[in-house]
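Me: I have a fold open on my screen and want to learn how to read it. Can we go feature by feature?

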Amino acid sequence: MPAAASPLTAAYDRLTKAFPGLTVTEQGPAGPLPRGAGWTGAAGLAAGGAELDAFLAWDEAQVLRDYGRRARPDVVASFGLHRYAWSACLLITAPWFLLRRVPRLPVTHVSYDRAAGRMAVRRPASFACLPGDPAAALPGAVVVPDEEALRAEVRAAVAEHLEPVLAAFGPRMRRRGRALWGMATDEVVEGLWYVAQLLGPDEEARAVRELEALLPGTTRPYAGSAAFRLLTGPDGEPLTTRDRASCCMFYTVRPEDTCVTCPRTCDRDRIAELAPTAAA
């Protein structure tokens, strides 16, 4: 059964309201995470065995079904990591962005149902917050002095969760070190940026500023910065884009179709894609 409301509940509810494709359910601190029926434990992915094999088999079948061709094993693993990490990072960045609260969620605290767009989290033993937060008096609150200290908590919490996952996926992706952490950087930035766009232009602008401060390019183990920059649309309008630190390898499946932040996508093509969206 879901746990009672926690210091994170309001953020997860707002996340789901903006993006119904991801529902977050909180479990009690000692309760079991859901298993079976589409659920995959993050700890199982990090173990790198049968659970990871089954997880990637879903991606392999999806590529064949949707695109009529097989993807290389390393590309399948890249797709699988992206789909997990994009959502998992939001478990930490959404409460930070919306409430200034940062949970610690190791892999033992998270389960994922990719097909249904659901994540279950075990209520963390601790969360970081600022001195003026009403939640600072709650059990488990770790009060940090300022915004930069809270950003450091975000970086540490994401790294704690992703490090064992990257270690399991890395050999299958034929990537290591900086390349893997470049992908982690992209998942942190693009997940929160996307959700902020759904929340409205003011929140998107705030997210860009917040992410630039969170990932300035000098914070190991992350590789690269938030890397936002402005392009000019056909009517002189500013168009926000960024340059990914990594490539998801989708071009190996469909060479003519790359994402708008892909290093392989030129500015002319970015403007052609972004300008109609900005006008709408």
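Me: How do strands β8 and β9 pair, parallel or antiparallel?

Reply: This is a predicted model, so read each feature as a prediction. Strands count as paired when at least two bridges link them. Here β8 (residues 228-232) and β9 (residues 238-242) are antiparallel, with five bridges. Leu231 of β8 faces Leu239 in β9.

Me: On to helices. At what angle do the axes of α3 and α5 cross?

Reply: Roughly 55°, with the axes coming within 12 Å. Angles of 65 to 115 degrees count as roughly perpendicular, and those under 35 as roughly parallel. The α3 and α5 pair is therefore oblique. The crossing is right-handed.

Me: Which residues meet where α3 and α5 touch?

Reply: From α3 (residues 50-67), Leu52, Asp53, Phe55 and Leu56 take part. They meet Ala168, Phe169 and Arg172 of α5. By class, that contact has five nonpolar residues, two charged and no polar.

Me: Now a single residue. Is Thr40 buried or exposed?

Reply: Compare its relative accessible area with the cut-off: under 20% means buried. Thr40 has 11%, so Thr40 is buried. Thr40 belongs to strand β2 (residues 39-41).

Me: Which residues does Thr40 touch, leaving out those up to four places away in sequence?

Reply: Leu45, Glu51, Phe55, Ser111 and Tyr112.

Terms used:
Residues are numbered from 1 along each chain as its sequence is written. This is a predicted model: local features need pLDDT of at least 70, side-chain atom pairs count only at pLDDT 80 or more; totals for chains, interfaces and linings use all residues. Side-chain values use heavy atoms; hydrogens and water are left out. Axes are lines fitted to C-alpha atoms, for helices over the stretch in contact, and angles run from 0 to 180 degrees between N-to-C directions. Helices (H or I, at least four residues) and strands (E, at least two) are DSSP runs, numbered from the N terminus. Angles under 35 degrees count as roughly parallel, over 145 as roughly antiparallel, 65 to 115 as roughly perpendicular and the rest as oblique. A crossing is left-handed if the near helix is turned anticlockwise from the far one by less than a right angle, and right-handed if clockwise. Contact means heavy atoms within 4.5 Å. Ala, Val, Leu, Ile, Met, Phe, Trp, Tyr, Cys and Pro count as nonpolar, Asp, Glu, Lys and Arg as charged, and the others, Gly among them, as polar. Buried means under 20% relative accessible area, exposed over 50%, partly exposed in between (1.4 Å probe, protein chains only).
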